[in-house]
Amino acid sequence: LATPPTSAQIEAARNYNAAAGGQTFIVMYDGQIIAESYANGGYESRRQLLASGTKGLTGMIGAMAASDGIINLAEPVALNAITEWQGHPQKSLITYRHLLTMSSGLRELNNLTSWTDYLAAPVDYPAGTVYVYSVDPNIFCLALDRRLGGESV
């Protein structure tokens, strides 16, 4: 936007967010937070499960990382990020693209507590052959975190 949203626009969005069950409302303009509030049990330090929202956000981050040369989408993640998979005959072939397109072939695992828990998922299909709505983007985030070497996404 060329100009920041008006107070009326922000308030309308805030009200919609709260009415739809939203817990966190943040508006940024030109790199600065210009409005922030919490409702429906939300608060600033609360960890929030994003569920499927993570998949869309991760896709955008993946595209930016590829564009910036941080990752090569065709490169297997085992080469320099998910080194635990280097000796596995199937997991060693999983690429960044497979993780971003949920075609890694890994079994869907739900409600795990950390990214590294997903690394133990069994392989159900060869990488790139079957789409499974899954948590592959979580593994992508772990791989990117390792590639960034301490730099924050």
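1. Let's start with how H2 and H4 pack. In this predicted model, H2 passes H4 in a left-handed crossing. The two axes come within 10 Å and cross at roughly 40°. On the H2 side, the contact is made by Thr 54, Lys 55, Thr 58, Ile 61, Gly 62 and Ala 65; H4 brings Pro 137, Asn 138, Phe 140, Cys 141 and Leu 144. The spacing on both helices is worth a look with the helical repeat in mind: an α-helix has 3.6 residues a turn, so residues three or four places apart point the same way.

2. H4 itself deserves a point of its own. How far apart are the end C-alpha atoms of H4? They are 18 Å apart, which agrees with the 18 Å that its 13 residues should span at 1.5 Å a residue. The helix is mostly covered, with ten of its 13 residues buried. These are Asp 136, Pro 137, Asn 138, Ile 139, Phe 140, Cys 141, Leu 142, Ala 143, Leu 144 and Leu 148. H2 and H3 are among the elements that cover them. Just after the helix, Gly 149 takes a positive phi of about 60°.

3. Next, the nonpolar core. The largest one has 22 residues, and those with the most contacts inside it are Val 77, Ile 82, Trp 85, Tyr 96, Ile 139 and Leu 144. Helix H2 (52-67), helix H3 (96-100) and helix H4 (136-148) each supply at least two residues of this core. Which helix gives the largest share? That is H4, with six residues.

4. Most residues other than glycine have a negative phi. Asn 40, however, has a positive phi of about 50° although it is not a glycine; this residue is found in the loop between strand S2 (32-38) and H2. Met 102 also has a positive phi, near 55°, and is found in the loop between H3 and H4. Are these two residues buried or exposed? Asn 40 counts as partly exposed because its relative accessibility is 43%, whereas Met 102, at 10%, counts as buried because it falls under the 20% cut-off.

5. Finally, the overall picture. The chain has four helices and two strands, following the pattern α-β-β-α-α-α along the sequence. Its C-alpha trace spans about 55 × 30 × 25 Å along the principal axes. Of the 153 residues, 32% count as buried. Among contacts between residues at least 6 apart in sequence, 52% join residues at least 24 apart.

Technical notes: Residues are numbered from 1 along each chain as its sequence is written. This is a predicted model: local features need pLDDT of at least 70, side-chain atom pairs count only at pLDDT 80 or more; totals for chains, interfaces and linings use all residues. Side-chain values use heavy atoms; hydrogens and water are left out. A nonpolar core is a set of buried Ala, Val, Leu, Ile, Met, Phe, Trp, Tyr and Cys residues joined through side-chain atoms within 4.5 Å. Buried means under 20% relative accessible area, exposed over 50%, partly exposed in between (1.4 Å probe, protein chains only). The expected span of a helix is 1.5 Å times one less than its number of residues. Contact means heavy atoms within 4.5 Å. Axes are lines fitted to C-alpha atoms, for helices over the stretch in contact, and angles run from 0 to 180 degrees between N-to-C directions. A crossing is left-handed if the near helix is turned anticlockwise from the far one by less than a right angle, and right-handed if clockwise.
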